[in-house]
Amino acid sequence: VQGNTAYGVVILSNNDLNADDNIIGSNGDGNGDDLEGNLIANNTKGIVIATPAGASTHVSNRISRNSIYDNAQLGIDFNNDGVTANDNGDADTGPNELYNFPFITRSNVQGGNLVISGIAPGDAVIEFYIADAGGTEGKTYLFTAQVNNTYLGITDDSTGTASYSDVTYGTGTDEKFGFSVPVAGLPAPVTTGTIILALSIKSTSTVNSTSEFGPAFISTLPVRLIQFNGSVDK
């Protein structure tokens with residue numbers, strides 16, 4: 001695939017015009033979503049949403065079900081300045097409100113199911129992908145689910161909040177999520193060692209604002225406790 005020497009897709013505007021409500025990929029209406037994604041590869045950066053100029057806004061831009069891979073830098077980049085770290089509360093202005101991406105804390109195949117858990121904004125629709133060779137972009141779409149909800153037949157089985165901290169990807173406290181999906185129903189194989197990452201899509205207020213890709217997680221073997229020894233601390 002021949003890419004561009006700069007960006008595959010860029011959203012920007014001048015002082016007087018907003019760049020809102022654009023769709024790159026699927027519109028999420030349940031009709032032909034699997035066919036609506038784009039292939040965005042071999043560019044310097046995949047998708048850039050630039051810093052809004054003056055009083056303009058760049059929000060509610062949906063990035064969904066694309067195959068983004070082998071770009072020299074980020075697959076999705078807000079402000080064209082590298083990874084935009086998450087922050088607590090996520091009350092931001094800027095491209096797509098600098099919406100927080102998901103943190104995956106567990107990924108393994110167990111009993112024929114892909115079990116994934118982590119931390120994300122409470123209203124987030126999350127899309128999961130197999131990463132490209134560089135481990136930073138979503139090349140192969142796997143499935144979509146929603147925090148604190150049943151969505152497309154997949155139920156979030158986690159409750160409560162949790163915190164994360166990473167020198168590159170930021171710190172914060174957000175909602176826990178947990179999904180279990182039959183491996184046989186996924187569009188691509190997932191095994192131990194498969195690298196998975198995800199993005200968030202906002203479902204309330206300014207709907208469709210999509211995050212950058214979050215940090216990747218390498219799927220592990222399931223852990224089974226065979227024996228536990230303990231003693232009473234008197």
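Which residues does Val115 touch, not counting residues up to four places away in sequence? In this predicted model, Val115 touches Arg106, Ser107, Asn108, Gln110, Phe179 and Ser180.

**Val115**
- Val115 lies in strand E9, which spans residues 113-120.
- The relative accessible area of Val115 is 15%, so Val115 counts as buried, the cut-off being under 20%.
- Among the contacts of Val115 are Phe179 and Ser180, along with Arg106 and Ser107.
- Ser60 is 55 residues from Val115 in sequence, and the C-alpha atoms of the two are 30 Å apart in space.

**The sheet**
- Four strands form an open sheet in the order E11-E10-E16-E17, and their pairing is antiparallel.
- The edges are taken by strand E11 (138-146) and strand E17 (217-218); each has a single partner strand, so one side of each is left without a neighbour in the sheet.
- Six bridges join strand E10 (residues 125-131) to strand E16 (residues 195-201) in the antiparallel sense.
- Glu127 stands opposite Leu199 in E16.
- Strands of a sheet pair through backbone hydrogen bonds, in a parallel or an antiparallel sense.

**The cavity**
- One cavity of 30 Å³ or more turns up in a search of the whole structure.
- The largest cavity holds about 90 Å³ of space.
- Its lining consists of Leu74, Gly75, Ile76, Val83, Thr136, Tyr169, Glu212, Phe213 and Gly214.
- Sorted by class, the residues lining the largest cavity are five nonpolar, three polar and one charged.

Terms used: Residues are numbered from 1 along each chain as its sequence is written. This is a predicted model: local features need pLDDT of at least 70, side-chain atom pairs count only at pLDDT 80 or more; totals for chains, interfaces and linings use all residues. Side-chain values use heavy atoms; hydrogens and water are left out. Helices (H or I, at least four residues) and strands (E, at least two) are DSSP runs, numbered from the N terminus. Buried means under 20% relative accessible area, exposed over 50%, partly exposed in between (1.4 Å probe, protein chains only). Contact means heavy atoms within 4.5 Å. Two strands pair if DSSP finds at least two bridges between them. On a 1 Å grid over the protein atoms alone, a cavity is a set of points where a 1.4 Å probe fits but cannot get out, and a pocket is an open set with protein on both sides within 12 Å along at least five of seven lines; lining residues have an atom within 4 Å of a point. Grid points are joined across faces, edges and corners, and a volume is the space filled by probe spheres set on the points. Ala, Val, Leu, Ile, Met, Phe, Trp, Tyr, Cys and Pro count as nonpolar, Asp, Glu, Lys and Arg as charged, and the others, Gly among them, as polar.
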